[in-house]
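Me: I have a new model open beside me and would like to learn how to read its features. Could you take me through them one at a time?

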Amino acid sequence: MSNLLDWSYWFSRAAAKFAGPQLKLVIGVIVGLVVVGIVFKILMATSKRGPVKKLWRRLGNLFITTGILVGLFLFFTQTATPLLGARWWFLLWALIAVIWTGFIVFYAIWRMPKQLKADEEHKEFSKYLPRKS
């Protein structure tokens, strides 16, 4: 655990391969991320409301993309590729995932309620307009 705070651990060119329970855990995380992403994509396909559908699409894209990226990082680590298998890629991936999640939370908390309200107001307003036959 003390290695996690050491610069040489994160920025060494050759990272040690995952083995045993560590490898199973990382593979489980990869499969879990992709499965959760697929679930969000299914929710997107079944959703009727535009802003909610957009939220499910964004979450699905986040989980599927991060699952694939972690899979690539695991592949390069296991094949001992000197630069692409470095541990700092995992840090970069985590930073990008946190920023991406922040954008999704911003959308879900601030923008989506306004869009839902505007859709509701438009629906209420349009019921009084004449319809084309």
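Reply: Happy to. Let us begin with E124 and K127, whose side chains meet in a salt bridge (3.2 Å, N to O). A salt bridge here is a side-chain nitrogen of Lys or Arg within 4 Å of a carboxyl oxygen of Asp or Glu. Before we go on, note that this is a predicted model, in which local features need pLDDT of at least 70 and side-chain atom pairs count only at pLDDT 80 or more, while totals for chains, interfaces and linings use all residues. Residues are numbered from 1 along each chain as its sequence is written, and side-chain values use heavy atoms, with hydrogens and water left out.

Me: How many salt bridges does the structure hold?

Reply: It holds two. In the other pair, E120 forms a salt bridge with R49, with 3.7 Å between the closest N and O atoms. E120 lies in helix α4 and R49 in the loop between α2 and α3, so this pair ties together parts that are 71 residues apart in sequence. Helices are DSSP runs (H or I, at least four residues), numbered from the N terminus. E120 counts as partly exposed at 43% relative accessibility, and so does R49 at 42%.

Me: Now the pockets. How much space lies in the largest pocket?

Reply: First the general idea. Rolling a probe the size of a water molecule over the atoms shows where empty space is left. On a 1 Å grid over the protein atoms alone, a pocket is an open set of points where a 1.4 Å probe fits, with protein on both sides within 12 Å along at least five of seven lines. The volume is the space filled by probe spheres set on the points. Here, the largest pocket has about 520 Å³.

Me: Which residues lie nearest the centre of the largest pocket?

Reply: Lining residues have an atom within 4 Å of a point. There are 18 in the lining of the largest pocket, and Y9, W10, F18, V26 and F90 lie nearest its centre. The elements giving two or more residues to this lining are α1 (7-10), α2, α3 (50-78) and α4 (88-126). By type, the lining has 13 nonpolar residues, three polar and two charged. For that count, Ala, Val, Leu, Ile, Met, Phe, Trp, Tyr, Cys and Pro are nonpolar, Asp, Glu, Lys and Arg are charged, and the others, Gly among them, are polar.

Me: Which residues make the nonpolar surface patch?

Reply: I27, V31, V35, V39 and L43 make it, over about 380 Å². Patch residues have over 30% relative accessible area and no salt bridge, and nonpolar side chains (Val, Leu, Ile, Met, Phe, Trp, Tyr) are joined within 5 Å. Areas come from the Shrake-Rupley method with a 1.4 Å probe. I27 lies in helix α2 (residues 21-46) and is partly exposed, at 40%.

Me: Where is F40, and is it buried or exposed?

Reply: F40 is in helix α2. It counts as buried because its relative accessibility is 15%.

Key. Patches are made of residues with over 30% relative accessible area and no salt bridge: like charges are joined within 9 Å, nonpolar side chains (Val, Leu, Ile, Met, Phe, Trp, Tyr) within 5 Å. Buried means under 20% relative accessible area, exposed over 50%, partly exposed in between (1.4 Å probe, protein chains only).
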